Every structure is written in C-alpha cells, then in structure tokens.
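Subject: Structure handover

Hello,

Here is the structure you asked about, with notes on what turned up in it. Please read them beside the model.

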Amino acid sequence: MNPNPGTFPIVSYVMSRLPSLTGKTTSTASESNQVDVEQPLAPPSSDHPEIVGQMPNLTDPELLASMSRALGEVSQTRVVLDLLGPRPTHEDVDDSRAKIAEIEAQLSRQLEEIVLLPRPAEIDIHAWRAHQAEKEKECRELAEKDKHIYKAVVQLDGMHDGYEKLLRDAEKRLVKIYESAEDVEDGGGDGGDGGDEVDEEVVGILNEAYGKGIERVNLSGRGLRFLPEAFGRIPGLVVLDISSNVLSAIPDSIAGLENLEELNISSNLLESLPDSIGLLQKLKFLYVSGNKLSALPDSICQCRSLVVLDASFNNLSYLPTNIGYELPNLEKLMIQLNKIRSLPSSVCEIKSLRHLDANCNELHGLPIAIGRLTNLEYLNLGSNFSDLKELPDTFGDLINLRELDLSNNQIHALPDAFGRLDNLTKLNLEHNPLELPPPEIVSQGVITIKNFMAKRWIDILMEEEKKNSQEMQEQGQSSWLTKSTSWLKNVPGNVVGYLGSPASSTPKSQTDAFLDTQL
C-alpha cells in the first residue's frame, strides 16, 4: 500500500525514510528510541531522485523529522490496509453493489409476501403476528448473510478511498511544512522567480471580475502553476477557462462558483479533482481532458445539470458507479484514450445520451442493457484491440444510431439484431477478424451489411416462429388425445361395456360411427 510516487511524491519520499514502514531495525534499544527522528535522516536512496532534485531541503534532518510526525495517521492506516489486502477492482465493487441491490429487492418481495399472506382461521391473530415476525426475522438474517461478502468488498474499497484522501491531505500538509521551512531559511524573502508574479496577476484579474460582476474569465495558456483560493469568490462567474496551464491541483474553493455553467481545465497536470466539484449544481459543460486523472470523484455525479463531460486523454480505469443514475441530462460523454476496462451498468440509464466516445481503452465488452440508449446517435468503440470481442444482443435496440466505429478490435460476429439499426449511415469495421457478415459483404459498405444482417434477422425470426408453431401444434394434438381419453373415462358404463365387448360380425350402427369419430 505504498503511496504512488507520481501522485504523492513528498509523502512517498518521507514514508520511505520511516523505519517502521521500510522494515529496518536498529541494533539497540537506545537507538530505537530515536529511530522515528534519526532514521529518516539517512541519505536519500536513488528511489526518489526527481523529488529530491526539486526540493533539496528534503534531506534536512529536522525537516524530515517534522514531516514524519505529520504522517502518523497515514502510517497507521497503511498498516491496517496491508493486513486487509489490495483494493478491489472497480468491476468487483460494481458487481458487489449490484448484488446487494438484488438481495435487498428480493428481501423486499419476501417481506411483502409475508405481510399479504392470509391468516388461517384456526390461528389466533396474536400468534399469527408472532409467526410473521419470526419469518421476517429469518428472511432478514438470511439476506444479511448473503450480503456479507459483497458488503465487505464495498467497505474495503471505501477504506482504500479514505486512504487516498488521507494521502492527498498529507501531501498538502507536507507542502506547507516544506514551504514554511523555506521561508524561515530565506529569512522571509520575496522568493521571486516570476511564479508569484503570475499568481498576483491572476488574483488581480479575478478580483476585477468579482468587482465588476464579469461572467467570463479566460486564463488559458498563462503558464499557471497555482490557482489562488480567491477565484472561488466570484459567485456571478458563468464561464471559466484555465486550460493549457501547468496546474497540479484545483482548490476546494471552486464550490463557491455557484453559477458556473462551463469549466475548462483541460491540458494541465491534474491527478485528481476536488470532491467539492459536486457542488457546482449549474455546471453544464466540464472539460478535463489531457490531464493525469486516474479517477473521477464520485461527487461528479451530483452535477446533475451536466450536458457535456470530456474526460478523454487521462489515466482513467473506471467511471463512477452511479454516473448514469444521477446525470439525467448528459448528452455527450467523451472518455477516449484512457484505460477503462468496463462501463458501469448505470451508463445504460442515461436516456439523454447522444454521443459516446470510448475509443482507445481496454473495454472487455458493453453492459447487457446498452440497448436502452435509444437516443444514442454516435458511438465510437474503436481501438480496444484484443479486449473487445463481442457486442451484446441488445445492440440492435440502438435505433437512432447514425455513426458507429468498431475498428481495431477482435469482433468475430455482429449481433443478430444488427440489421435493426435503420438510421446507421457510417460504419467502420476495419481490422476485425469478422466472420459474420462475411468479408465479401463487409467490403460492399454499410447498406449491404445492414441488408444482409436484416435478412438474416428475419430468417431467424421466421425459423423461431416456425419452431413455436410446431411446438404449439404438437401440444394441441397431445391435448386433443388427452381430452378424448378423458371423455372415454366419463361415458356411461353400458356404453363402455359395449365398446369393450368382443367384435361382432354385425355391421356398426350410426351410433358406432359417431363414437368412432370421438376416438
């Protein structure tokens, strides 16, 4: 559970100097009394040359000792997580939450059945209620037992998430400790290398915007390294563009931009977004492409006004589990050039979605209910390479799809219902080992492919109809024989006796013929 040196460089460096976390021991008890202060002061190894080069004072014994004391909670949490095990994958967490919801839904149905069960007349009402209570208790206990393993997965993920937040807070604390130490060493000098001048310019622009009630601020391409907290005090701001800078963090004060509708923070060095971004209730356009994000905060699902979300060109391996349940207005989702292995099933609930670009990821497949996205017009699933091998049967329900890219995958066959995509006009199937439709059909273009798959789909339906018809006919014949046998069992005894008597040479009467027709 070591902190990622790329994400938490200072925390990683300081923790690598702590003997309690590196497994180093001292030879005497007297030495161990000083270990937390003295051991971190050992000459730095070659594990963190970049951070030591950028912050040379990290080798100072007193500074390291001060920093190590600030990491007590982080160290304790890491020890616990080392015992509990690695963080579960996003797919495991998503599946566990789905299982929990399924078990709870089943429990709800069982409890309803118990309540609606009629009371037998011979049982006293009080005894019946006690019986119902006992049955409810049994159902709840069984449900809790079934949920236990899935809840453990979700809880472990939550603990790791909490650990990540601890690391982020710790990194900020260590930066402040380091800066304070530098100020003391420099005698409180002006420290000016131009970076602070840029920050002052930004503060000036933002203060002007606040004073005049400006709705748009463009700070793109200014070489900004830090963004002051003051910019969060412009409640009237509607559009903020801080793209193409070198920002490594966005302050929590962003939550103060209560009227913000468009935020562009693309092309920076961001490794995470603040949880407070979820407080931007009026945000419609969010551009965070071209950063180093490994995850989007769950709080982003609270931006219920979002229409466009561009998180492309990052290091995302998953999307927030509930992203589809809580973004009812999302029309455009761009997540290309990431490392996403699967889409959460909730994505299928974004009925407003028109544009989905998941090009260049590591998708193993699509959610089974993808066909619910009936307003989807553009879908790019290209270049998922060896990971994407098939499409779900519901793919044919994407009735408004106009443009589809499936190139550079390992798809062997298009879904049977593919021919139902009546509005499809652009289709890219290049570099797939397609067997269905055959290559000679694919080479003729989208119309021929659609016609081929549509005809095949009709043939499948007709064959299914024929099969069902035969089964019904067989069932009908079986039913007719059963009824005839039943009729024979119920006719008067003298007639049965007559039918069962030895054959006679006398010609059969009209009554005999009538009985024959019934058999």
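How many aromatic pairs does a search of the whole structure find? The search finds one. Buried means under 20% relative accessible area, exposed over 50%, and partly exposed in between (1.4 Å probe, protein chains only).

Before the rest, some ground rules. This is a predicted model, in which local features need pLDDT of at least 70 and side-chain atom pairs count only at pLDDT 80 or more, while totals for chains, interfaces and linings use all residues. Residues are numbered from 1 along each chain as its sequence is written, and side-chain values use heavy atoms, with hydrogens and water left out.

Overall, the protein has 15 helices and ten strands; these are DSSP runs numbered from the N terminus (helices H or I, at least four residues; strands E, at least two). Of its 519 residues, 39% count as buried.

pLDDT is the predictor's confidence in each residue, from 0 to 100; the protein averages 78, and 73% of the residues score at least 70. Over residues 188–198 pLDDT stays under 50, and the model has seven contacts there beyond four places in sequence. A contact means heavy atoms within 4.5 Å. Residues 483–519 are also below 50, with twelve contacts in the model beyond near neighbours in sequence.

Now the packing. A nonpolar core is a set of buried Ala, Val, Leu, Ile, Met, Phe, Trp, Tyr and Cys residues joined through side-chain atoms within 4.5 Å. The largest one has 71 residues, and Leu263 and Phe395 have the most contacts inside it. Helix H13 (residues 446–490) gives the most to this core, with three residues. Leaving aside residues up to four places away in sequence, Leu263 touches several others, including Leu240, Ile254, Phe285 and Tyr287. Another core, of eight residues, lies apart from it; Met55, Leu58, Leu63 and Leu64 are among them.

Helix H8 (residues 90–116) has 27 residues and reaches 39 Å from its first C-alpha to its last, close to the 39 Å expected. The expected span is 1.5 Å times one less than the number of residues. Buried residues of H8 include Ile100, Ile103, Leu107, Leu111 and Ile114.

- The Leu436 to Pro437 peptide bond is cis, with omega near 0°; Pro437 is in the loop between E10 and helix H12 (439–442).
- Ser244, not a glycine, has a positive phi of about 55°. It sits in the loop between strand E2 (239–241) and strand E3 (262–264), and at 39% relative accessibility Ser244 counts as partly exposed.
- Cys360, also not a glycine, has a positive phi of about 60°. Its place is the loop between strand E7 (355–357) and E8, and at 23% relative accessibility Cys360 counts as partly exposed.

Regards

Conventions: Rings of Phe, Tyr and Trp (its six-membered ring) pair if their centres lie within 6.5 Å; planes under 30 degrees apart count as stacked, over 60 as edge-to-face and the rest as tilted.
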